[in-house]
Amino acid sequence: MRGMPLNRKGKITIFLMLTLILSLLVGWGTIVKANSGKNKPTIALIPAQPLSSSFKPKQSFAASDLNHSIQNKKELSREQAVNQKAQQQLEKDHKHKVIYLTFDDGPSLEADQLLDVLDHYNAKATFFMLGPNMESRKHVVKRMVKEDFGVGLHGITHDAHKIYSSKAAPLKEMTQDQKILKEIAGVQSELVRLPYGSIPYLTVDMRSLLNKNGFKTWDWNIDSQDWELKDQRFVQNVIQDIQNLEKTGMAPVILMHDKATTVHYLPQLLDYLNKHGYQTKKLTNAMPPLTFQCEGRCHSMH
Amino acid sequence: MKIFKSLRPAPLLILVIFVMTGCHHDQKQAEKLHVDLEKSAQIEQRLAKHQESLTQNSTKERKAYKTLLALQIDQNQDIHATIKKAQHYNEEQRRTLNDCDKIFNQGYSLATNAKPLIKDIKDSKQKEAGLKVLKLIEMRHQLYHTYSKEYRHVLDLNDKAYKRLSGESDIEVKKLEDNIKKINQAYKNLDNKKEQFNRYTTQYNQAKWAYYQKAGLQVKQVQN
């Protein structure tokens, strides 16, 4: 056999044998693989973990009750400090027998006459005026400024339901009023008096806004009650209060109204003041304002 | 000698045997790979509980903040107690986040054992599937760390906010408000990162499944 060449038949036989062996091998391999797949224990796929933490946004601090109470506390402290200064100023004024006359709601039809009376007594006073009234009687406003009276702001509507309707409402009215006064008389007044006074409807928020915008809120320490008494009794009322206030060592800031009966009986009061050596002065932007302190009494109208 | 000359189809036989041996080698690789990847996944399963704890403490911290905002400045003691509570929940989150990092890193380090095994795969389709798994492991790893970093940033901002709130009447509202805005923005960023991470996780789980299938392994998904 050695070295003996294969004939064609032999070659075919060998080729067929190899093909057969190969087929057997491949077939066996496939079967083994298939069987091994069947018998192999199933492997586990443990899914990787997602992140599940979740977050919700935090509320604004500015709009919170806590911030509101902080701002209120700050505003009240500020107002208290200013009020102390105002008291000190009024104590100094008292030593010089100073009196501050103030007239709200004007200028009325009697405003010219009121100025005449004051001029006659060489008295100074401050007028807290309503925007529409100033627009109706511009000449009086100009006269007040020209004659060196004090001019201040009393808002636009004089309606408590409007001027205290929102946190920004008093500021809005006073800003508008300030603009009217400036347009008419060319003066910038920071003096404001709230209709019916700053207690109870001028809330701490409103006070803070007015202050931040440079306004100085003036109340009074003597209420003439001229708006209620409507006759000469208000004069006696004021004189009585001046005498009472003397004991506290404070200069009086008197609330009156620019109206006919007040103008009519005002000379009686001015006579008294002259006779007792009082000197009248006007309020100015530079003075620390005498403002009613909230002390838990301020609340919203709503 | 003539007989050997006649055995010209032999190389074909050798090739078939070689291919069969190669298949067997890849399957072995896949089995090894499976062990590491599934161990890694098993470790990661502990994350779920920690994630739940993060959410719970974050919710408690937010509730404490809400309580704080409803107080009045003269309620001094309540303010201090609530701030302390909120800070505690914040600290709890920090601790849990540290644990999450450890777990994730442990899982990642096991998963990266797959790198040399995948490089060694002979079958091109299996290799391609394996490389996809590898790529997603890296993508998840990177994103998790960005997420964790952002979370720490939120916790730092919260700490800052509570320190500011401890100042009571000296609180600088504008600065505190900016602080809160930054926190809320960071929460949004965190949510975006979480969603992206979860998309990668889904892709990763699918890629693993696809790879095991290609490697001829019978796979059964285990529920979380």
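Q: Is A:I12 buried, partly exposed or exposed?
A: A:I12 is partly exposed, at a relative accessible area of 43%. Keep in mind that this is a predicted model, so the values are computed from predicted coordinates.

Q: Where does A:I12 sit in chain A?
A: In helix α1 of chain A, which covers residues 8–39.

Q: Ok, zooming out. How many helices and strands in chain A?
A: Chain A has 11 helices and 9 strands.

Q: And what is there in chain B?
A: Chain B has 6 helices and 1 strand. In sequence order the pattern reads α-α-α-α-α-α-β.

Q: What about accessible surface?
A: Chain A has about 15,200 Å² of accessible surface, and 55% of that belongs to carbon and sulfur atoms. Chain B exposes about 12,300 Å², with carbon and sulfur atoms supplying 54%.

Q: Switching to cysteines. How many disulfides over all chains?
A: The count is 1 disulfide over all chains. A:C294 and A:C298 form it, with their sulfur atoms 1.9 Å apart.

Q: What's the handedness of that link between A:C294 and A:C298?
A: Left-handed, with -100 degrees about the S-S bond.

Q: Are A:C294 and A:C298 buried or exposed?
A: A:C294 is buried, at a relative accessible area of 4%. A:C298 has 18%, and because the cut-off for buried is under 20%, A:C298 counts as buried as well.

Q: And B:C100, buried or exposed?
A: B:C100 is buried, with a relative accessible area of 0%.

Q: Staying in chain B, where is B:N158?
A: B:N158 is in helix α5 of chain B, residues 124–166.

Q: Buried or exposed, that B:N158?
A: Buried, with a relative accessible area of 1%.

Q: What does B:N158 touch, leaving aside neighbours within four places in sequence?
A: B:N158 is in contact with A:K58 from chain A, and with B:E61, B:N90, B:I183 and B:Y187 from chain B.

Q: What does UniProt list for residues 173–203 of chain B?
A: The UniProt record, an unreviewed entry, lists a "coiled-coil region" there.

Q: How much helix does the model have over residues 173–203 of chain B?
A: That stretch is 100% helix and 0% strand, and its end C-alpha atoms are 45 Å apart.

Q: Back to chain A. Which residues of helix α8 are buried?
A: Helix α8 of chain A covers residues 204–212, and its buried residues are A:V204, A:D205, A:M206, A:R207, A:S208 and A:L210.

Q: What covers the buried residues of α8(A)?
A: The cover includes α2 (65–95), α7 (169–185) and β6 (216–217) of chain A.

Q: Which residue with positive phi follows α8(A)?
A: A:G214, with phi near 85 degrees.

Q: You mentioned α7. What is A:A185 in contact with, beyond neighbours within four places?
A: A:A185, which lies in helix α7 of chain A, is in contact with A:V141 and A:V145. Its C-alpha atom is also separated by 9.9 Å from that of A:M134, 51 residues apart along the chain.

Q: Last one: where is A:N122, in a helix or a loop?
A: In the loop between α3 (111–120) and β3 (126–129) of chain A. A:N122 counts as exposed, at 65% relative accessibility.

Q: How far is the C-alpha of A:N122 from that of A:L270?
A: The two C-alpha atoms are separated by 9.6 Å, with A:N122 and A:L270 being 148 residues apart along the chain.

Terms used:
Residues numbered from 1 in each chain as written. Chains lettered and ligands numbered in written order. Predicted model: local features only at pLDDT ≥ 70, side-chain atom pairs only at ≥ 80, totals over all residues. Heavy atoms only, no water. Disulfide = S-S within 2.5 Å. Buried < 20%, exposed > 50% of the residue type's maximum accessible area, 1.4 Å probe, protein only. UniProt positions renumbered as here; feature names shortened; annotations may be inferred. Helix = DSSP H or I, 4+ residues; strand = E, 2+ residues; numbered from the N terminus. Contact = heavy atoms within 4.5 Å. Areas by Shrake-Rupley, 256 points an atom, 1.4 Å probe, with all protein chains shown as cover.
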